[in-house]
Amino acid sequence: MFDVQKFRKDFPILSREVRGRPLAYLDNAATTQKPRSVIRSVSRFYQKCNANIHRGIHSLSEEATLAYEKARKKTAQFIGADDAREIIFVRNTTEAINLVAFSWGKRFFKDGDAVVLTEMEHHANIIPWLILSQEKHLNIKYARIDSQGYLDLNHLWGLLDAHPSLLSLTHVSNVLGTINPLGQIIKRAHEKGVLVLVDAAQSVGHLGFNVKKYRADFLAFSGHKMLGPTGIGVLWAKREHLEKMMPFLGGGGMIDEVYWQRFTPNRCPEKFEAGTPNIAGAVGLGAAIDYLDFVGLERIYKYEEELTSYALQKLTRLDGLKIIGPENSVDRGALISFSLAGIHPHDLATILDEQGIAIRSGHHCAMPLHQKLGIPASARASFCFYNTKKEIDRLIEGIRKARQLLDR
Ligand SMILES: Cc1ncc(COP(=O)(O)O)c(C=O)c1O
């Protein structure tokens, strides 16, 4: 039995009210809430050992450095990386993908090279390549999705047959919820000599991601979507790739030696961490990983799948409601986007907010995907293991109420 009430007590924000009603937070794909242990670890860092890292020899600086590097080791263990030096702390998934585009792509892509993305990518995995393309004239191709929201693997295989320079794709779609079969995809890409970047923003805190199992070349994720603080994220890459990449930002911390006219870069990971990093954020991410380990990723996936399945069953019974993405909860992350005939998602979200229910509405930073689906926006309910079936019942009731108010 998954004791959701026990875990809920660890998240102070879940006991607050919104507009006089208990909060039902169903916007976890945007950012998750934080357990007390994460909040405390950040606060404790500032109260007890705040100092800059890697620079001072005084005790506080040493303690801060230890705490920061401990978080790096924990992060490496969490994704199954043997070498903690392969963990680069960045601000978020977006920055991690930009880092690869500008440190790897700028150096190694040739004019006209192909980069394969998919039609289900978040803007974070489209725009960096489009920006780079202004300089490199990349041939950006998109693997199609089918009518159910799954990747069209035959189309993808065809794109890989043309030996692009990189395949960059999401593990779990933040709109469709689709879980992509990465094992199969990465194997096929590597057979064709294609490097693979995985955007694990929506998966790492729910299904986990093991770099040994999947053998991707680059992995990007955000701390704030896995119970950690905002402003801390991770790029993992194989050491052999990191060694070849140029620094992304220049400044303190990332150098070995500096002269008036030249510099030599530091080793990895410092080479990519210019300036003072988000030390407290990394410490908080370490605490988030401890908490996820405490709950257990397997249990998290199982319970979230149960919630998603429950929500899918209830939502599909509502007249005029169209689910976007796979109908099967096993092939989905813990999120469901939908449209409601005759009601704009923003209006729905506003009415739900009046009942203390937080969902997302809009294009969820996936405009081209919404254009393909032929809708300007959608509503999205996304779950975390601290959500309950009762909250889903409230969502269903809230949607009924919105329809009574807005349906003409
Ligand atoms: C699939 C996916 N990729 C990338 C991102 C960007 O994450 P961040 O804003 O933390 O950089 C998101 C955020 O919603 C996402 O869902």
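Biologist: How far is an oxygen atom of the ligand from a polar backbone atom of Thr93?
Modeller: This is a predicted model, in which local features need pLDDT of at least 70 and side-chain atom pairs count only at pLDDT 80 or more, whereas totals for chains, interfaces and linings use all residues. Residues are numbered from 1 along each chain as its sequence is written, and side-chain values use heavy atoms, with hydrogens and water left out. A polar contact is a pair of N or O atoms within 3.5 Å. For Thr93 and the ligand oxygen, the distance is 3.4 Å.

Biologist: Which residue has a polar side-chain atom 2.6 Å from an oxygen atom of the ligand?
Modeller: Ser222 places a polar side-chain atom 2.7 Å from a ligand oxygen. At 2.6 Å, the residue is Lys225.

Biologist: Is helix 11 roughly parallel or roughly perpendicular to helix 14?
Modeller: Helices are DSSP runs (H or I, at least four residues) numbered from the N terminus, and axes are lines fitted to C-alpha atoms over the stretch in contact, with angles from 0 to 180 degrees between N-to-C directions. Helix 11 (residues 297-316) and helix 14 (residues 389-406) pack at about 25°, their axes 10 Å apart. Angles under 35 degrees count as roughly parallel, over 145 as roughly antiparallel, 65 to 115 as roughly perpendicular and the rest as oblique. Helix 11 and helix 14 are therefore roughly parallel.

Biologist: How does helix 10 lie relative to helix 11, parallel or perpendicular?
Modeller: Helix 10 (residues 279-295) packs against helix 11 at about 70°, with the axes 6 Å apart. The orientation is therefore roughly perpendicular.

Conventions:
Helix = DSSP H or I, 4+ residues; strand = E, 2+ residues; numbered from the N terminus. Polar contact = N/O pair within 3.5 Å; in protein donor to acceptor, adjacent residues only side chain to side chain.
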